[in-house]
There are 2 protein chains.
Amino acid sequence: MDDSDRGAGQAARPKRADARRNKETLLDAAAAIFVTSGVEAPVRDIAAKAGVGTATIYRHFPTRADLIIAVYRHQVDACAEAGPALLATSPTPHVALGRWVDLFVDFLVTKHGLAAALQTDNAGFETLHAYFLDRLLPVCAQLLDAAAASGEIRPDLNAYQLMRGVGNLCIGADSDPRYDARRLVGLLVAGLRQPREP
Amino acid sequence: MDDSDRGAGQAARPKRADARRNKETLLDAAAAIFVTSGVEAPVRDIAAKAGVGTATIYRHFPTRADLIIAVYRHQVDACAEAGPALLATSPTPHVALGRWVDLFVDFLVTKHGLAAALQTDNAGFETLHAYFLDRLLPVCAQLLDAAAASGEIRPDLNAYQLMRGVGNLCIGADSDPRYDARRLVGLLVAGLRQPREP
DNA sequence: GAGTAAGCGGAACCATGTCCCGTTTGACGA
DNA sequence: TCGTCAAACGGGACATGGTTCCGCTTACTC
């Protein structure tokens, strides 16, 4: 599952061995740089760290979003797969939703600048936004529907808005010790709860 | 109250008439550009619109934050002043808090890119962040304290976190019809409510 | 009306994203 | 093993946008 280029899917794999090696090297370099300088680090820095020219980055990852997606794909997948599992093992759907959102928040707040990149309307990041949505929105919707069906929460907020809200709340959560995104997200999810049956 | 340079405070007023005129012109131009291109619009665009050189902008407004603050100062002041008034005229402190937050959200979502600029950690925007905090945090704290004192909400969230949360939720609220920041903020404030006395 | 310094404009400089082009090199058939 | 050649490479060129510098203009003072 970690040799993403080989075989399945419509992704064409590079023919030359050095190309594949460079792609790996770039992924490692990018991951390292993202940790220290955030996901908006200069392209040249990543290229330098990997010991390649800038064009090589663009050849393998046409947009920055492609690079970010490639670096975090496994973790996003893991988050997506955790959804149904949580639903199955949690006492109630609302608890499952809360746990899953916590997972998502933990992922986001540890990736310097990722939450901001997700929400920015700069060109070139729609792909990133779209990827996250594509991968996580169905999971979120499933949890939300289950919680709504059980009557625990008000049924009138769609998954998209919840995901955006959570993502937004995570912006800048690192780099500001006074701000606790988990807390705020917790309040937001609490606000979802059905006041009571009248 | 609209000739901000004259007289009071420690703000030095430009001596020459053309300088004062240019400052006004720049404020008008910036306000117009902000509406169409957002608060991150290129400096050259604003200068061009005002018919001045770029250096003139930097002479009057050393950082972009200074310009943004100058453009929106009146509206921020109005929002700050509305706080105590709402507290006095609303049925309960929690209602006052909700109304005030709505006011703030309405302000933010109509200023393209302002919420994002407030939260970005790019250098040069700390001043902006600081100004908003300086002006609005005390008001928010007053409302929050009143609501906590009345027992309507849990008392353990400070005003800073609330403001950041609200600000964050407003990011990108324009430019995405599927996302309704007012709604999400409403849920957040609802989540603040005391569950019940046990 | 002349002197002077505040203020001005725009060119210059720097950082960064993006693209192009001449060169290198891995893959493969002879 | 060696020759061929297109894939892949590197780094320089270009575009954009923020910031600063410098020679010129002009509003104020006397």
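Q: How many residues of chain A are in contact with chain B, and how many of chain B with chain A?
A: In this predicted model, 25 residues of chain A are in contact with 25 residues of chain B.

Q: And what area do the two chains bury between them?
A: Chain A and chain B bury about 2400 Å² between them, and 55% of that area lies on carbon and sulfur atoms.

Q: Which three residues of chain A supply more of its buried area than any other three?
A: Those are A:Gln161, A:Arg178 and A:Leu187, which supply 22% of the area that chain A buries against chain B.

Q: Let's stay with A:Arg178 for a moment. Where is it placed in chain A?
A: A:Arg178 belongs to the loop between helix 8 and helix 9 of chain A, and with a relative accessibility of 48% it counts as partly exposed.

Q: What is A:Arg178 in contact with, apart from its neighbours in sequence?
A: Once the neighbours within four places in sequence are left aside, A:Arg178 is in contact with B:Tyr160 and B:Gln161. With B:Tyr160 there is also a polar contact, in which the side chains of the two residues are joined at 3.3 Å.

Q: How many residue pairs are in polar contact across the interface of chain A and chain B?
A: Counting pairs in which both residues have pLDDT 80 or more, there are 20 residue pairs in polar contact across the interface of chain A and chain B.

Q: Which helices of chain A each supply at least two residues of the side that touches chain B?
A: Helix 8, covering 159–169, and helix 9, covering 181–192, each supply at least two residues of that side of chain A. The largest share comes from helix 9 of chain A, with 7 residues.

Q: What is the make-up of that side by class?
A: The side of chain A that touches chain B has 10 nonpolar residues, together with 7 polar and 8 charged ones.

Q: How many salt bridges are there between the two chains?
A: The count between chain A and chain B is 4 salt bridges. One of them joins the side chains of B:Arg183 and A:Asp156, with a distance of 3.2 Å from N to O.

Q: Changing topic: what about phi at A:Ser175?
A: A:Ser175 has a positive phi of about 65 degrees, although this residue is not a glycine. For comparison, most residues other than glycine have a negative phi.

Q: Where does A:Ser175 sit, and is it buried or exposed?
A: A:Ser175 is found in the loop between helix 8 and helix 9 of chain A, where it is exposed, with a relative accessible area of 55%.

Q: And what is phi of B:Ser175 near?
A: Phi of B:Ser175 is near 65 degrees, which is again a positive value in a residue other than glycine. B:Ser175 lies in the loop between helix 8 and helix 9 of chain B, and it is exposed, with a relative accessible area of 54%.

Q: One last topic: how many disulfides are there over all chains?
A: The count comes to 0 disulfides over all chains. A:Cys79 is in no disulfide, because its nearest cysteine sulfur, that of A:Cys140, is 9.8 Å away, whereas a disulfide needs the two sulfur atoms to be within 2.5 Å.

Q: Are those two cysteines buried or exposed?
A: A:Cys79 is buried, with a relative accessible area of 6%, and A:Cys140 is buried too, with a relative accessible area of 1%.

Note on methods:
Residues are numbered from 1 along each chain as its sequence is written. Chains are lettered from A and ligands numbered from 1 in the order in which they are written. This is a predicted model: local features need pLDDT of at least 70, side-chain atom pairs count only at pLDDT 80 or more; totals for chains, interfaces and linings use all residues. Side-chain values use heavy atoms; hydrogens and water are left out. Buried means under 20% relative accessible area, exposed over 50%, partly exposed in between (1.4 Å probe, protein chains only). Contact means heavy atoms within 4.5 Å. Buried area is the accessible area (1.4 Å probe) that two parts lose on being put together, summed over both. A polar contact is a pair of N or O atoms within 3.5 Å; within protein, one must be able to donate a hydrogen and the other to accept it, and residues adjacent in sequence count only if both atoms are side-chain atoms. Helices (H or I, at least four residues) and strands (E, at least two) are DSSP runs, numbered from the N terminus. Ala, Val, Leu, Ile, Met, Phe, Trp, Tyr, Cys and Pro count as nonpolar, Asp, Glu, Lys and Arg as charged, and the others, Gly among them, as polar.
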